[in-house]
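Hi,

Here is the structure I promised to pass on. Have a look first, and my notes come after.

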Amino acid sequence: MIRFFADIVYLFFFLTLTAPLYPLFEHWNKTGRAHKRSAMAQRMVMNAFRICLRFAGTKLIVDGKENIPTDTAVLYVGNHSSYYDILCGYSATPSGTGFFAKKEMEKIPCLSHWMRFINCLFLDRHNIKEGLKTMTEGTNYLKNGFSMTIFPEGTRSQDEDPHAFKEGSLRPALKANVPVVPMAISGTADILENNRRFQVKPTVVHITFGQPIYPDQLPRSEQKRLGASIREEIIEMRKKHKTT
């Protein structure tokens, strides 16, 4: 329980003490310096998340970083079983990433500011029209060089294998014509969700980045089932985590 509250207290102070930066970030965004804003915000969030993982006693083992293209934005596609997927997945990337997050998180003061600063988008899963608008925004972020992450299951799952991936969730990568990088995550639910309430336990988390997939090089038939193919690849990568 102490580890859990250490994370909560640290994040509270991070969000409140950095509030004076909000006007600066907003100014950079309005004056065409979104990349500068994003780079600074992502460095700060990267450091904050790594400190949180240290407080939680989490050891992060990352494989396949060499598979991530460095000359273009990418869409990371991962399985989702824990709140800590975001902290671990973000910390595993070379320089941070925006996320497609659920709409409800937009209402959280301070947190929603920082999420916007690192290019997160809030997806309304119950409103198709608004959801499509958000997907289009994600496409534009990718075209403008900002990497994004999506969890295509749509919700957290503690089942052995990830739930079915929604094919429409990969539309931004297809429209922006950027690589898709599978991201297999194992162990995050053991940090919090698999324990007693509010109990955070020291855990080893494995993250593996698969080979990039270039949608424009795939036949139309394979593009239509890309989500299912990535899910199968993530399942195979997670099996290897259990043997290491």
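Below is what turned up, core first, then a helix pair, then the cysteines.

This is a predicted model, so local features need pLDDT of at least 70 and side-chain atom pairs count only at pLDDT 80 or more, while totals for chains, interfaces and linings use all residues. Residues are numbered from 1 along each chain as its sequence is written, and side-chain values use heavy atoms, without hydrogens and water.

The largest nonpolar core has 40 residues, and Tyr84, Trp114, Ile207 and Phe209 touch the most other members. (A nonpolar core is a set of buried Ala, Val, Leu, Ile, Met, Phe, Trp, Tyr and Cys residues joined through side-chain atoms within 4.5 Å; buried means under 20% relative accessible area with a 1.4 Å probe, protein chains only.) H3 gives the most to this core, eight residues. (Helices are DSSP runs of H or I, at least four residues, numbered from the N terminus.) A second, separate core of 23 residues includes Phe100 and Leu226.

Helix H2 (residues 22–30) and helix H3 (residues 34–56) have axes that come within 7 Å and cross at roughly 145°. (Axes are lines fitted to C-alpha atoms over the stretch in contact, with angles from 0 to 180 degrees between N-to-C directions; contact means heavy atoms within 4.5 Å.) On the H2 side, Phe25, Trp28 and Asn29 make the contact.

As for disulfides (cysteine sulfur pairs within 2.5 Å), the count is zero.

Cheers

Terms used. Helix = DSSP H or I, 4+ residues; strand = E, 2+ residues; numbered from the N terminus. Buried < 20%, exposed > 50% of the residue type's maximum accessible area, 1.4 Å probe, protein only.
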